[in-house]
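Biologist: I'm new to this one. Could you walk me through how to read it?

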Amino acid sequence: MEGDFTGKDVYGKHFSPKDYLKMYYSFSKEDGSQEDALLNFYLQKFHKTFTVDGVKGDTLIDIGSGPTIYQFLSSCGSFREIIATDYTDQNREEIKRWLKKDPDAFDWSQALKYVCELEGDREKWVEKGEKVRSTIRRVLKCDVTQVNPLAPLVVAQASCVTSALCLEAACKDLTAYHAALRNIGSLVKPGGHLVLLVALGGNFYMAGEQMFFCLYLEKETVDSAVTEAGFDILWSEEAKNSYSPTYSDCKNVYFLVAQKRIKV
Ligand SMILES: Cc1nn(C[C@](C)(O)C(=O)N2CCN(c3cccc4cnccc34)CC2)cc1-c1ccccc1
């Protein structure tokens, strides 16, 4: 199955955060399900980046947060402020529901417990949730196709920009992908970090009954786009995609940490 590019308007109209969260982030009851394995990979790499390797700073901006907060579970202890962003109103509303402890918000307790286990005390998951809530200070609109993705706001350059599973879904071709990387890279201060989670080798993914476009990317394409955007890649790791093939045809997921070159 391959689809035409899913324009921004389709996202706004047809993307259902509830369907999506149920499909991709409902930890199965029995351990070791395929979807768990993929989310566990994401959580392990964020843990390595922020808790083990010590990437830290003042502000972290997450680009294209979607309706999820798993990407903040390790970074919340390393930054004074986190800014979550997304293009669609319904994704930003879903994040705000969780921040406000709305009873209708998605239950992230399994992911919280998993990260606390990585940090050495699974029982601390409630405190971890409070830490995430107190660190996410703003939830803003973003559009990676704009030179300033946070326009009309002008935000000071951040110590770190993260973006998970976003650009391949937001960019219609490689020209747009390179431009989007330059756009989000402009939000990083010199010497700051860019952390990407990318779906490789895919053309589509499902959220509920709706099929969404995915730009077909290979590791080398991502690496060269990151380098051309002014970053040095510090480390990266690929994992086999284990989403059910009816969910997506992407082959691998790719985690990358890069540092913005300081112009001398
Ligand atoms: C899993 C999974 N989750 N997601 C993230 C998801 C649900 O797509 C999302 O919420 N996003 C990204 C796109 N995004 C955007 C869409 C249009 C324009 C945007 C302009 N600027 C910023 C963001 C824009 C809005 C937030 C993607 C996958 C996945 C991808 C490929 C293969 C397999 C799985």
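Modeller: Let's begin with an idea we'll need: a polar contact is a pair of N or O atoms within 3.5 Å. Here, a polar backbone atom of Val144 is 2.9 Å from a nitrogen atom of the ligand. Keep in mind that this is a predicted model.

Biologist: Which side chain has an N or O atom 2.6 Å from a nitrogen atom of the ligand?

Modeller: That's Tyr20, through an N or O atom of its side chain. There's also Leu165, where a backbone N or O atom lies 3.4 Å from a ligand nitrogen.

Biologist: How much of the ligand does the protein bury?

Modeller: The ligand exposes 680 Å² when taken alone, and the protein buries 99% of that. As for its place, the ligand sits in the largest cavity.

Biologist: Which elements give two or more residues to the shell around the ligand?

Modeller: Those are α1 (8–14), α2 (17–25) and α7 (167–170). The ligand is surrounded by 23 residues, and the closest are Tyr11, Tyr20, Asp86, Val144 and Tyr205.

Biologist: And how many residues of that shell are nonpolar, polar or charged?

Modeller: Sorted by class, you get 17 nonpolar residues, 3 polar ones and 3 charged ones.

Biologist: How should I read a record's annotation next to the model? Where does UniProt place the feature "binding site"?

Modeller: The UniProt entry, which is unreviewed, puts "binding site" at Tyr20, Tyr25, Gly64, Ser65, Tyr70, Asp86, Asn91, Asp143 and Val144. These positions span 125 residues in sequence, and their farthest two C-alpha atoms are 24.2 Å apart, so they do not all gather at one spot. Even so, the lining of the largest cavity takes in Tyr20, Tyr25, Gly64, Ser65, Tyr70, Asp86, Asn91, Asp143 and Val144 from that set. To place one of them, Gly64 is in the loop between β1 (57–62) and β2 (79–86).

Biologist: What about the backbone? Which residues does a cis peptide bond join?

Modeller: Look at Ala151 and Pro152, where omega is about 10°. You'll find Pro152 in the loop between β3 (136–141) and β4 (158–164).

Biologist: Where does Leu165 lie, and what is its phi?

Modeller: Leu165 is in the loop between β4 and α7. Its phi is near 55°, a positive value in a residue other than glycine. Lys101 has a positive phi too, near 60°, and that residue is in the loop between α4 (89–99) and α5 (109–118).

How values were computed: Residues are numbered from 1 along each chain as its sequence is written. This is a predicted model: local features need pLDDT of at least 70, side-chain atom pairs count only at pLDDT 80 or more; totals for chains, interfaces and linings use all residues. Side-chain values use heavy atoms; hydrogens and water are left out. A residue is near a molecule or strand if one of its heavy atoms lies within 4 Å of it. A polar contact is a pair of N or O atoms within 3.5 Å; within protein, one must be able to donate a hydrogen and the other to accept it, and residues adjacent in sequence count only if both atoms are side-chain atoms. Accessible areas come from the Shrake-Rupley method with a 1.4 Å probe; for residues, only the protein chains shown count as cover. On a 1 Å grid over the protein atoms alone, a cavity is a set of points where a 1.4 Å probe fits but cannot get out, and a pocket is an open set with protein on both sides within 12 Å along at least five of seven lines; lining residues have an atom within 4 Å of a point. A molecule sits in a cavity or pocket if more than half of its atoms lie within 2 Å of its grid points. Helices (H or I, at least four residues) and strands (E, at least two) are DSSP runs, numbered from the N terminus. Ala, Val, Leu, Ile, Met, Phe, Trp, Tyr, Cys and Pro count as nonpolar, Asp, Glu, Lys and Arg as charged, and the others, Gly among them, as polar. UniProt positions are given in the numbering used here, feature names are shortened, and annotations may be inferred rather than shown by experiment.
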